[in-house]
Amino acid sequence: MAKIHVTTKINGEDAEFLCEPQQTMLDVLRDELSLTGSKEGCGSGDCGACSILVDGRLVCSCLMFGAEAAGTEIMTIEGMSDGDTLHPLQQKFLEHAALQCGFCTPGVLVASKALLDANPNPTEEQARYWLAGNLCRCTGYDKIIEAVMDAAAEMRGE
Amino acid sequence: MNYLGKDVELKVVGTRPIRPDGVEKVNGRASFGADVAVSGMIHAKVVRSPHAHARIKSIDTSKAEAVKGVQAVITGADLPDIPSEEAFVGEGPANFREMSHNVIARDKVLYDGHAVAAVAANTAAIAEEAARLVEVEYEVLPHVISVEEAMADGAPVLHEDMFTQGVDPKPTKASNIAKRVEFKLGDSNAAFAKADVIVERQYTTQPVHQAYIEPHACVVSYNPDGQAQIWCSSQGQFMVRAFCAKLLGMDIASIRVMPMEIGGGFGGKTLVYLEPLALALSKKSGRPVKMVMSREEVFRGSGPTSGGTINVKIGATKNGRIVAAECETILQAGAFPGSPVGPACMTAFACYDLADVTAFGYDVVSNRPKVAAYRAPGAPISTFAVESAVDELAQKLGMDPAEFRLINAAKNETKAAYGPTLKDIGYVETLEATVASEHYKSDLGEAPKGKRRGRGVASGFWFNIGGESSGATYVNEDGTVSVVSGNPDIGGSRASMGMMAAEVLGIDVSRVRTTVGDTASVGYSFLTGGSRVTFATGMAVTQSAEEVRDDMCRRAALIWEIDAEAVEWRDGAAHPAGENAGKFDPLSLSDIAAKSGRTGGPISAKCSINAQGAGPGYATHICDVEVDEETGHVAVLRYTAIQDVGKAIHPAYVEGQMQGGAVQGIGWALNEEYIYNKDGGLDNPGFLDYRVPVASDLPMIETQLIEVPNPRHPFGAKGVGEVPIVPPMAAVANAISSATGVRMPNLPMSPPRMRAALDAAKG
Amino acid sequence: MYAPNFAAPQSIDDAVRMLGADGAKPLSGGTDLIVQLRSGRNRPDHIVDLKKLPGLIGITAEGAGFRVGAATPGAELGEDKAFVAAYPGIVEGAELIGSTQVQGRASLAGNLCNASPAADSVPAMAACGVMAVVVGPNGEREVPVQDIPASPGRTSLAKGEFVKEFVLPALPAKSGDAYLRFIPRTEMDIAVVGAGVQIVLADDGTVAKASVWLGAVAPTIVEVDASCLVGTKLDDDAMAKLDAAAQAVCNPIDDKRGTIEYRTKVAGVMARRTAEIAFKRAGAR
Amino acid sequence: MASVNVSNQMCRPYVGDAEVLKLEVDTVRALIKELERRFPGLGPQVEESMAVAIDGVIVQDTYLEPIGPDSEVFLIPKIAGG
């Protein structure tokens, strides 16, 4: 079958691409659009390193066909900061040393943003369950949770 | 020089600045192995064995080669046949011939997932399709998975030319036992007579994978002039260069390796898997070749660490002194020899001051992927057994387990069970901190109905290493400083390197930018592993910064026209000293940098050393659990890791190592394992059923840093990355025992096993 | 080269026609299909995305019950306050399917039609008497959800048929549902045992009706004879009987997720614990 | 004279039952040469595959490390890590 032409919006800008029907959104982001911030850790939705927002909803881009992006609005890690200003979560991750190797970090940040968009005042337990789909092998999650809670507090103006 | 004295005021070391590579890692721009793209690049996939043990009768690549878009197909025949040669890598000695045969099988496949061919094509999808068309004819052979099967009489033998080393007389019959090792102090056998109480038990552990989130990935470009460039994520760019040169029969100077960001390694990226294949494919196709493993390939084709069977016997007097100890450790090496049985034996009793102790073990091959190093290789396995037995001994004696350890703890001047006398260690301090901690004194609280709570402690040891290391410091013309490290940064080492340089130079750390050099831009460095980088490469960087500092003093002296000895460096500036004090205004680093051309040229220093004397690390962990009696589920309620870290250069990243190591240990304790089916196929090659801990499984991991400085390091640093994975399995098991009265000698302590043990205890 | 067709029909008729083709597979949330496609286990020639069909995504209150579009992601169920208040057990099931990310895509119909015996939402739906509305070449029919999976990986749907929506009946007064599963971790695993329960109380607060379904203990979900609960307030004796009844219907396998013995024992535990929650919820209404 | 413990199993094929040797050596290089002189084959074994603990400080792959006149020297297998 011929490639599919898809028009969509990525990180606030209009975007279009051609993809194979079986290509995942992750493949499209990485291989067609050079947005390599989303990572493939498993390709089966078990690690969360490829997390993106589709119409504001958190999904694994490895579990979505590129063709399904048609008519949606997508946010990737590359769209998280506001120009040169880091998102409070990004800043808190740096301050709390919430990353070691940094490979899971883009996915964790996108997922954390989705959490705070949905629930600006999560408990530690809620944050841990929300982020259970984002595997991190380096940190033991401790400093990630600290950073998320701290960013949430700051965003609430506390 | 060193900066250890009480009068030395450290301004940078010991603070928590933001890491230099931080912003790139939170905005998605950091470039990992799979993020590389070069002009004309094609993609390759590996064909892997579906059998655990089989003879390769033939490989027909013609159908794959006929697929449109396929550029090259290789098999084992495309790699040179290299002689048997031992080298010291990763967790211990390795043999390049075996490494080559592990990278791609020759006459036999030895495990499910063993590479047999590789296909390069215009797209990854074509390569994958074509790989399915490679026809391999196998003669399936009987296989062995467990060490017991592998050691049994009449077991199928993996290597017909392997005879057990380290036994007398030398065997005449090939077997799966690669070697026997032994460490002995005094006469443990006789000393058991002095014991009032003896604990003797068998323990088992399962192989666990390092489970870094980034799968192995590389791009390799082999040029017609015989020069090759490799972009990859690994624990050592120089390791990749050396191994590729060996395996492909190339000159080292013909290979340049660019270290990309590495998405976790934990020992698992101290070897090559894809790079030699990509090199061969690039050579054959004339195109740059990209290879990325799938998660399934990572589990099936790259090294986990060994599983083992450990027999422990420890005896103590009724007043709590251990008088005799023995430990037999049998480790799975996977398809080729080289399990960490040596370090497993050496570390088994390293926490204790013992006069009569024996530790011996066997390195056993079986039809599993060849093991790779994993954090403190070997130590967690033997320590799980020993620390469980020590706990049981304390229970039998009615003693507090931390106090019991204090009575027997290794101290300075203790003769270690593995031989040498210990020096500058902080084990006792971790135990004292344990006893004094709020956690240890706290009440466990009442468990809900049907659940039981308990607390356990366990300790651990790791040697830590130094080794060949290079670093460089460059003073830039605007007064900023560039530091180059020879080691891939796997957990924030660029931050600590920059901090040590900034401390020496007396400047703010924000003015120092640290990068990791490629193999052509920095001196040789042994790989990132063995908890060595902050210690060893930190020494090299510190010395290069000192050279730069001394050079700047000379430049200031030249400007002032006084003796260089009459200049002292403080607060980032040269000051006239002695009789010249106050005669000239200080010259800052920026002032001197601006005039560097006139005073002799660029200011820089490279330092290559072979760092020695890494201080050993000790840790004690406290774990509270809640056991669900009906389901056997074990929840970790509270966890504290206490560790002697020498001196924490960047405490946040030291804590991070402790927390990450502890959680990997909790995973090892509770759920992680390789599950094989009866055909010898790996049943759980994915994150769904290879169950690493997720965020909701865990409490906060509390940390306490004990700082007993290592006098051999300028700032007192000791390696910190490996020790934290050593105590957790026993800490969890001991907590379970205190909660339920049931001793869990077999890992993982998964719910079905826990429930079965509880049922058995009820009778 | 494997290269399937991809289509996102706008009408039910088009979808039925497309799914009538050989090698056609419906795409809902895709969280199972894409993994199977990548591994080569399932390589459809035609992928038919159902999400653009009218009514396939969304929750509509209908009288005292609900209609739920087949492709509605689990996360959306949890965000609908009225739905959560009515069917907390079904929401619990749907919200246990994979991670937060997976719940952003995975649907009830996908979970059902993937025909895994361990599907989390299915025992909960079966306990509540949920009907699947199936459309196909021969029109529309309503089927109890438990009749859709035939065996692991196989459904009773005919060629061209697909689930369009679910009908959730009006809630009986004083009723409550719940779903619990057992997994080795706290998240991210496939159920070792899952239990969905709906309990309806009589005026005196005793159980009038109890529906208990188990997942992951047989080739398809199985119903437990819960008559032992009727007329009780879940006293110890009734619970012991429920435990035994749950164990009695188990026909599990030994696999990487659990042993026969373990699954059987835990089935009893899960049945009891879930019944207790459903009972409390019913009492609170 | 430094006391050099060669009881490790890796030395045994060369030294037999010997455990502690008194050797007049001032560096690791000298130690390796002296061991090789006394027990042919042990020199390369120590150089390639073993670490040397001098008064409790473990060194490996180096000729230069000094050995004091009263040092306690222990030969053990080389150590790496993960």
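1. In chain B, B:A228 stands opposite B:I255, a residue of β13(B). This comes from a predicted model. The strand pairing behind it joins β12 (residues 228-232) of chain B to β13(B) through 5 bridges, and the two strands run parallel. Strand β13 (residues 255-259) of chain B is largely enclosed by the rest of the structure, because 4 of its 5 residues are buried.

2. Helix α3 (residues 96-103) of chain B is another mostly covered element, with 6 of its 8 residues buried. Those buried residues are B:F96, B:M99, B:S100, B:H101, B:N102 and B:V103. The N-terminal end of α3(B) is capped by B:N95, which places a side-chain oxygen 2.8 Å from the backbone nitrogen of B:R97.

3. Chain A and chain D do not touch, and their nearest C-alpha atoms are 14 Å apart. Chain C and chain D do not touch either, with 27 Å between their nearest C-alpha atoms.

4. The size of an interface is often given as the accessible area lost when the parts come together. For chain A and chain B the buried area is about 3700 Å², and carbon and sulfur atoms give 60% of it. A:L94, A:Q100 and A:R137 supply 22% of the area that chain A buries against chain B, more than any other three residues. The contact draws 42 residues from chain A and 50 residues from chain B.

5. Polar contact across the interface of chain A and chain B involves 22 residue pairs. On the side of chain A that touches chain B, the elements giving two or more residues are α2 (88-95), α3 (105-118), α4 (124-130) and α5 (142-155) of chain A. Of these, α2(A) gives the most, with 5 residues. By type, the residues on this side of chain A divide into 20 nonpolar, 10 polar and 12 charged.

6. The interface of chain A and chain B also holds 4 salt bridges. In one, the side chains of A:R137 and B:E672 meet at 2.8 Å, N to O. A salt bridge also links A:K39 and B:D35, whose closest N and O atoms are 2.4 Å apart. A:K39 lies in the loop between α1 (25-32) and β3 (51-54) of chain A, and B:D35 in the loop between α1 (22-26) and β1 (42-48) of chain B, so this pair joins two chains. A:K39 is buried, at a relative accessible area of 2%, and B:D35 counts as buried at 12% relative accessibility.

7. Within chain B, B:D624 and B:R455 form a salt bridge, with their closest N and O atoms 2.7 Å apart. The pair links distant parts of the chain, as B:D624 is in strand β26 (residues 617-628) and B:R455 in strand β18 (residues 451-462), 169 residues apart. The relative accessible area is 5% for B:D624, which is buried, and 15% for B:R455, also buried.

8. A salt bridge also joins B:R555 to B:D551, with 3.1 Å between the closest N and O atoms. These two residues are 4 apart in helix α16 (residues 533-560) of chain B, so about one helical turn separates them. Both B:R555 and B:D551 are buried.

9. B:N319 lies in the loop between β15 (308-316) and β16 (322-334) of chain B and counts as exposed, at 59% relative accessibility. The side chain of B:N319 makes a polar contact with that of B:T317 (2.4 Å). Leaving aside neighbours within four places in sequence, B:N319 is in contact with B:M399 and B:I407.

Methods:
Residues are numbered from 1 along each chain as its sequence is written. Chains are lettered from A and ligands numbered from 1 in the order in which they are written. This is a predicted model: local features need pLDDT of at least 70, side-chain atom pairs count only at pLDDT 80 or more; totals for chains, interfaces and linings use all residues. Side-chain values use heavy atoms; hydrogens and water are left out. Contact means heavy atoms within 4.5 Å. Buried area is the accessible area (1.4 Å probe) that two parts lose on being put together, summed over both. A polar contact is a pair of N or O atoms within 3.5 Å; within protein, one must be able to donate a hydrogen and the other to accept it, and residues adjacent in sequence count only if both atoms are side-chain atoms. Ala, Val, Leu, Ile, Met, Phe, Trp, Tyr, Cys and Pro count as nonpolar, Asp, Glu, Lys and Arg as charged, and the others, Gly among them, as polar. Buried means under 20% relative accessible area, exposed over 50%, partly exposed in between (1.4 Å probe, protein chains only). Two strands pair if DSSP finds at least two bridges between them.
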